Amino acid sequence: MNIETLTIVNFMAIGADCPAFLLANRGLNLIQGTNGQGKSSVVDALSWALFNVTARGESGDAVINNKAKKNCAVEVRLDDDGANYRITRYRKHHTHKNAVRVERVDGPDIVDMTLATDKDTQGLIEQILGCSQEVFLAAIYAGQEAMPDLPKMTDKNLKAIIEEAAGVNQFERAYQLARDDVNEIKQKIDMVEAAMATTRSHLEDDRRSLEGVEADIKAFDEGRELRRDKALASVKSAQAQVAALAEEYKRLDTDKLEAALKVFSDKVASVIPAQEACDEATRALNSVVFTASTNETALQNIADEVARLKGQIANAPEEMKKPCPECGKPHTAAELDEFSTHLKVRLDDAMKRAAPAAKSYKESQAAVAAAEDARAKAKANIPNVADAQAKVSQINAALRKAANMKATLVSLMKDAKSGAESAQNFMTEPNPYAASKDLLVKRVAGFEDRLKQGDVSRKVLEAKLAIADDVAKVFSPAGVRAHILDTVTPFLNERTEDYLSIMSDGQITAVWSTLGQTAKGELREKFNIEVKHADGGASFGLLSGGEKRRVRLATVMALQDLQASRATKPIQLFIGDEIDDAIDEDGLERLMVILERRARERGTVIVISHNELQDWANEVTTMVKGATGSVATGALVE
C-alpha cells in the first residue's frame with residue numbers, strides 16, 4: 001500500500017498554506033528545519049488523520065493550529081493495489097465539524113464510504129489499512145519520543161505487538177470465536193441436561209403414578225365378586241322388607257278406611273249449616289249491641305247538656321258580674337236578661353230531644369235481649385261431632401301410614417331391581433382406572449423417548465465440544481500462535497543481527513527469545529529481547545544512550561520488516577523522526593547506510609532531523625515559518 005499524498009491544514013505548527021506532501025516512491029528524503037517549525041507535525045498529521053491520535057499521543061482540540069483555532073483538516077490519499085482512497089479528518093471545521101470521511105476515488109467518480117458513526121468509520125479505515133495504529137506506527141515510524149522501546153517491554157505487550165505484526169492477532173479472533181463456540185456448546189449441553197433432568201423427574205413421577213393406577217386396577221378387578229355379593233345381599237334384604245311391608249299394607253285395608261272416612265267426614269260436615277246460623281246470630285247480636293251502646297251514649301250526652309244548662313241559668317247573675325273574657329268590659333243588666341233567655345231556649349231544645357233519645361235507647365235494649373235469645377237458640381242447635389272428628393283424624397293417620405308404606409314398597413322394589421342389575425354389571429363393567437393407565441403409559445413412553453433423544457443430542461454436542469476444544473487449543477496462546485511466534489523469532493533475530501552488525505560492528509547483540517529465566521534460574525515461557533555488549537554491559541539497561549538508541553532502531557526496524565513481510569498490505573513508507581539523535585558520526589553513517597537500503601526496499605524513507613544530512617538524502621524539504629503557520633518547501637511538496 002502506497003501513501004500517495006498528505007495534505008495538512010491548520011494542524012499543530014502547520015498553517016493553512018502548506019502544500020501537499022508527495023510520499024510515494026520518493027527514495028531517501030530529509031525534512032529539516034529549526035525547532036518549532038513543524039517537522040514532527042508531518043508524521044503526527046498522518047497518524048491523526050488515520051487514527052484520530054497523533055504519533056505522540058495527542059488528540060481532540062490540542063491538534064488545532066494555535067493561530068487559526070479552527071478549520072483543522074488533514075487529508076491522506078492511499079493507493080491499495082489500484083484501489084484509491086481519500087481519508088479526511090476534521091476538527092472544528094466550519095463545514096464538517098469534527099467528522100472523519102472515507103471516499104473511494106475511481107477517476108472522476110468519488111464514492112462516499114463514510115459510515116453512520118465515527119467509530120464505524122474508524123473501523124473501516126483500519127480495515128482498508130489492514131492494521132491498527134499501534135502496528136501502523138510500529139511498521140513505518142521510529143521517533144525520538146514515540147519509538148517503541150521494545151527491549152524494555154513486558155512479555156504481554158511485546159507479544160501483542162509481535163503477534164499483530166506477524167498477523168498472529170488474527171488467530172486471537174479465531175481463538176475467541178472458538179472459545180465462544182465452546183461456551184455456546186457447553187450452554188447447549190447444560191440446557192439439554194437440564195431438560196433431561198426435568199424429563200427424568202416427570203418420568204419418575206409418572207412411573208410412580210402408573211404403579212398406583214395399576215394397583216387400583218388390580219384392586220378394582222379383585223373386588224368385583226365382593227361388590228356383586230354385597231349387591232345381591234342388599235337385593236335379598238330389600239325383597240324381605242318388601243314382603244313384610246306388603247303383608248302389613250294388605251292388613252290395613254285402605255278401601256275400608258276410605259269408606260269409614262267418608263261416613264265420619266259427612267257427619268262432621270253436617271255441623272256446618274248450624275254453625276253458620278249461629279255465626280249469623282252472633283253477627284246480628286253484635287250489631288244491635290253496637291246500636292244500643294250508641295243510643296245510650298246519645299241519651300247520656302243530652303242528660304249532661306240539660307244539667308249543664310240548668311246550672312248556667314242558676315249561676316247567670318254571678319257570671320255576668322265578671323268582665324267579658326274577650327274584650328274585658330263589664331256586663332250590663334240588659335245583657336243578663338239576654339244571656340238568661342238564650343240559655344233557656346237551649347234548655348228547652350235539649351228537653352225536647354231527651355224523650356226520643358230515651359225511647360231509642362229502650363228499643364235498642366229490647367233488640368239486644370231478642371238477639372241474645374236468638375243466638376242461644378242457634379248455638380243450642382249445633383250438633384256435637386267431636387267423636388266423628390276424632391275418628392276422621394285416626395282414619396287419616398292410618399291412610400298416611402298406608403301411603404308411606406306404599407312409597408317405601410315402590411322404593412324397595414326399585415332398589416331390589418337396581419341391585420340385581422348392578423350385581424350383573426359388576427362382573428362386566430369397564431375398569432375406571434384403565435383410561436388413566438393408558439394415558440400414563442403414553443406419557444412414560446414419551447418421556448423415555450425424550451430421554452433417548454436428549455442422550456443422542458448430548459452425545460452429538462459432546463462430540464462438537466471435543467472438536468471445538470481442539471480448535472480452541474489450536475488457536476490458543478499455547479497452540480499455533482506460540483508456534484508462529486517460534487517461527488518468527490529466527491526472522492527477527494536475523495534482521496536485528498543484520499542491522500546491529502552494521503550499526504555496532506557486531507559488538508552488540510539483541511536476541512529475541514520465547515523463553516525467559518526466573519530469579520531462581522528456572523526457564524519459563526516469556527517473550528523478551530536479551531541484549532549484550534561484547535565489551536560492555538550484559539543487559540540493555542547497562543548500555544550507553546547511543547548504544548540503546550542503536551538497539552531500539554535495530555529491533556524496531558526488524559519488527560517493521562516482519563510486518564512488511566507478513567502483512568497483506570505492506571505500507572511502502574518509513575519515517576524516522578530524529579532517530580539520529582545521540583548517535584555519533586560513525587553511527588550516523590552506519591544508520592544512513594541502513595536507511596538507504598530501506599529506501600530501496602520501501603520506496604520512500606523520510607528522515608526528520610536537525611543534523612546536516614543533505615549529503616545522504618536524495619531530496620531535501622525544509623519547514624519554514626509562514627503567514628498562517630509553518631509551510632514546507634522543497635522536493636516533497638507540490
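I looked up Ile31 first: its bridge partner in S12 is Ile608. The model I am reading is predicted.

I then checked how S3 and S12 (residues 604-608) are joined. I find five bridges, and the two strands run parallel.

Next I turned to S13 (residues 619-625). Four bridges join S3 to S13, again with the strands parallel. Here Leu30 stands opposite Val620.

Is S3 enclosed or open to the outside? I went through residues 27-32, and six of the six are buried, so S3 is largely enclosed by the rest of the structure.

I moved on to the nonpolar cores. The largest has 52 residues. I noted the residues with the most contacts inside it: Ile3, Leu6, Phe21, Leu46, Leu50, Leu78 and Phe136. Helix H1 (residues 41-51) gives this core its largest share, eight residues.

I took a closer look at Leu6. I left aside its neighbours within four places in sequence. Leu6 then contacts Ala20, Phe21, Leu23, Val42, Leu46, Val74, Glu75 and Val76.

Last entry: Ala195. I place this residue in helix H5, which spans residues 169-222. Ala195 has 42% relative accessibility. Buried would need under 20% and exposed over 50%, so Ala195 counts as partly exposed. I also compared Ala195 with Leu588. They are 393 residues apart in sequence, and their C-alpha atoms are 73 Å apart in space.

Note on methods
Residues are numbered from 1 along each chain as its sequence is written. This is a predicted model: local features need pLDDT of at least 70, side-chain atom pairs count only at pLDDT 80 or more; totals for chains, interfaces and linings use all residues. Side-chain values use heavy atoms; hydrogens and water are left out. Buried means under 20% relative accessible area, exposed over 50%, partly exposed in between (1.4 Å probe, protein chains only). A nonpolar core is a set of buried Ala, Val, Leu, Ile, Met, Phe, Trp, Tyr and Cys residues joined through side-chain atoms within 4.5 Å. Contact means heavy atoms within 4.5 Å. Two strands pair if DSSP finds at least two bridges between them.
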